[in-house]
Amino acid sequence: MVEVSVFDLFRPGIGPSSSHTMGPMEAARRFVAALCEEGRITAVQSVHVDLYGSLALTGRGHGTDRALLCGLEGHDPVDLDPDLVAPLHERVMTGGPLALAGVHAIRFDPRLDLREHVAERLPGHANGLRFTARDASGQALSSAVFYSIGGGVVLAEAECGRPPEPPTGLPHPFTSAAELVERCEAHGLSIDALQRANECCLRTAAEVDAGLDQL
């Protein structure tokens, strides 16, 4: 068990589900951001999104379809204004443009371009999704698989199954609640003081305070 930061456990974002709403939005945002970085965003004429497993079975009930639209327009789940979601959804559902990464308009019909494979599951995780961007001739420009593994955390296909890198140099490492209590007693620290000392090895004290204020 690798020690987890407070900012891994608590993530601000739009609901109702971290795995079915925040995760898919972040995956979509990462997909279009990569297209921008590669200089291919303006060549995209269509995007298809395929949902698998739990995302296909219960996604619409958890707002996955709306979250994907927000992510494709480049919105970050951390600072998205919830009041933008309904108008964006209404615009796209009535035939209006979807602005990929906020810079390139395409037509996107969720009834055709968002496909739910309820009987299939991708190998990496129950919450899998695939994005495919095509040019005007229908040629695939880019395709990527992501997994929404919970808590708003998203892994690209190549990252899935890779063991996380443990933080190094922590003053008070622990791998269980019992060990946490033992370390607190040994050093005369409260749980919050001990964890703060660890957090300040991963980021500055000012960054810790700013992150806690945001939460």
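Asp50 stands opposite Arg130 in strand S5. Strands, like helices, are DSSP runs numbered from the N terminus (strands are E, at least two residues; helices are H or I, at least four). This is a predicted model, where local features need pLDDT of at least 70 and side-chain atom pairs count only at pLDDT 80 or more, while totals for chains, interfaces and linings use all residues. Residues are numbered from 1 along each chain as its sequence is written, and side-chain values use heavy atoms, with hydrogens and water left out.

Start with the whole chain. It has 9 helices and 7 strands. Its C-alpha atoms fill a box of roughly 65 × 35 × 35 Å, taken along the principal axes. Of the 215 residues, 40% are buried. Buried means under 20% relative accessible area, exposed means over 50%, and partly exposed lies in between (1.4 Å probe, protein chains only).

Now follow S5, residues 127-134. Of its 8 residues, 6 are buried. What does S5 pair with? Strand S1 (residues 46-53) runs antiparallel to S5, and 8 bridges join them. Strand S6 (residues 140-150) is also antiparallel to S5, with 7 bridges. Two strands pair if DSSP finds at least two bridges between them. In S6, Tyr147 is the bridge partner of Gly128. The hairpin of S5 and S6 has 5 residues between the strands, and Gly138 takes a positive phi near 90° there.

Next, look inside. The largest nonpolar core has 36 residues. Such a core is a set of buried Ala, Val, Leu, Ile, Met, Phe, Trp, Tyr and Cys residues joined through side-chain atoms within 4.5 Å. Helix H2 (residues 18-37) gives the largest share of this core, 6 residues. Phe131 is among the residues with the most contacts inside the core, as are Val49, Leu72 and Phe146. Phe131 touches all three of these, and its other partners include Pro24, Ala27 and Phe31. That list leaves out residues up to four places away in sequence. A contact means heavy atoms within 4.5 Å.

Last, the cysteines. A disulfide is a covalent bond between the sulfur atoms of two cysteines. Here, it is counted when two cysteine sulfur atoms lie within 2.5 Å. How many disulfides does this rule give? The count comes to 0. Cys70 is in no disulfide, and its nearest cysteine sulfur, that of Cys36, is 17 Å away. Cys70 counts as buried because its relative accessibility is 2%. Cys200 counts as partly exposed, at 31% relative accessibility.
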